[in-house]
Amino acid sequence: MELHNEIKTFTPAAEGEVSIWFKAARVEDFPENGGACVKYKDMQIAVFNFTRRNEWYACQNLCPHKMQMALSRGMIGSHESEPKVACPFHKKTFSLKSGDCLNADECSIAVFPVKVEEGFVHIGFTR
């Protein structure tokens with residue numbers, strides 16, 4: 001599935017489809033239970049250190065609702081055990097596993113696999 005918008009086309013990557021593991025930053029560069037933005041090629045990627053769940057997630061930083069680069073500044077939490085991020089401006093919530101919008105019929109966001117190795121966070125991409 002490709003997600004289209006006015007700024008950039010994001011292609012989500014399932015773990016088995018990853019051809020590039022991008023070394024984004026050190027683990028300690030990310031806030032606990034929060035997010036930060038990293039740049040990969042010409043894409044802004046939101047990376048979340050979900051410490052309460054002992055899990056990491058990555059998605060496009062672009063909120064498709066108002067086309068703002070804001071998701072890395074959103075609040076993370078859970079909805080019926082599904083990890084989610086809420087856009088800080090519009091409160092639209094997106095699953096950090098599937099990318100689906102959880103509280104409206106908005107478009108989905110692209111999500112990317114994350115792994116932590118030797119103290120570094122890596123994000124998986126298909127290109």
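**Entry 1: order of elements**

I read the elements from the N terminus on, and they run β-β-β-β-β-β-β-β-β-β-β-β. The chain has twelve strands and zero helices. For these terms I used DSSP runs, numbered from the N terminus: a helix is H or I over at least four residues, and a strand is E over at least two.

**Entry 2: what I am looking at**

I noted that this is a predicted model, where local features need pLDDT of at least 70 and side-chain atom pairs count only at pLDDT 80 or more, while totals for chains, interfaces and linings use all residues. Residues are numbered from 1 along each chain as its sequence is written, and side-chain values use heavy atoms, with hydrogens and water left out.

**Entry 3: the chain as a whole**

I looked up burial next. Of the 127 residues in the chain, 47% are buried. Buried means under 20% relative accessible area, exposed means over 50%, and partly exposed lies in between (1.4 Å probe, protein chains only).

The chain exposes about 6600 Å², an accessible area from the Shrake-Rupley method with a 1.4 Å probe. Carbon and sulfur atoms supply 46% of that area.

I then turned to contacts (heavy atoms within 4.5 Å). Among contacts with a separation of 6 or more, 50% are between residues 24 or more positions apart.

**Entry 4: salt bridges**

Side chains of opposite charge can pair when their charged atoms come close. I counted a salt bridge where a side-chain nitrogen of Lys or Arg is within 4 Å of a carboxyl oxygen of Asp or Glu. How many salt bridges does this rule give? The count comes to four.

I looked at lysine 115 and glutamate 117, whose side chains form a salt bridge at 3.5 Å, N to O. Salt bridges with shared partners also join Arg26, Glu28 and Asp29 into one network.

I looked up the relative accessibility of the paired residues.

- Arginine 26 counts as partly exposed because its value is 39%.
- Aspartate 29 is partly exposed, at 39%.
- Glutamate 55 is partly exposed, at 25%.
- Arginine 53 is partly exposed, at 23%.
- Lysine 115 is partly exposed, at 23%.
- Glutamate 117 is partly exposed, at 39%.
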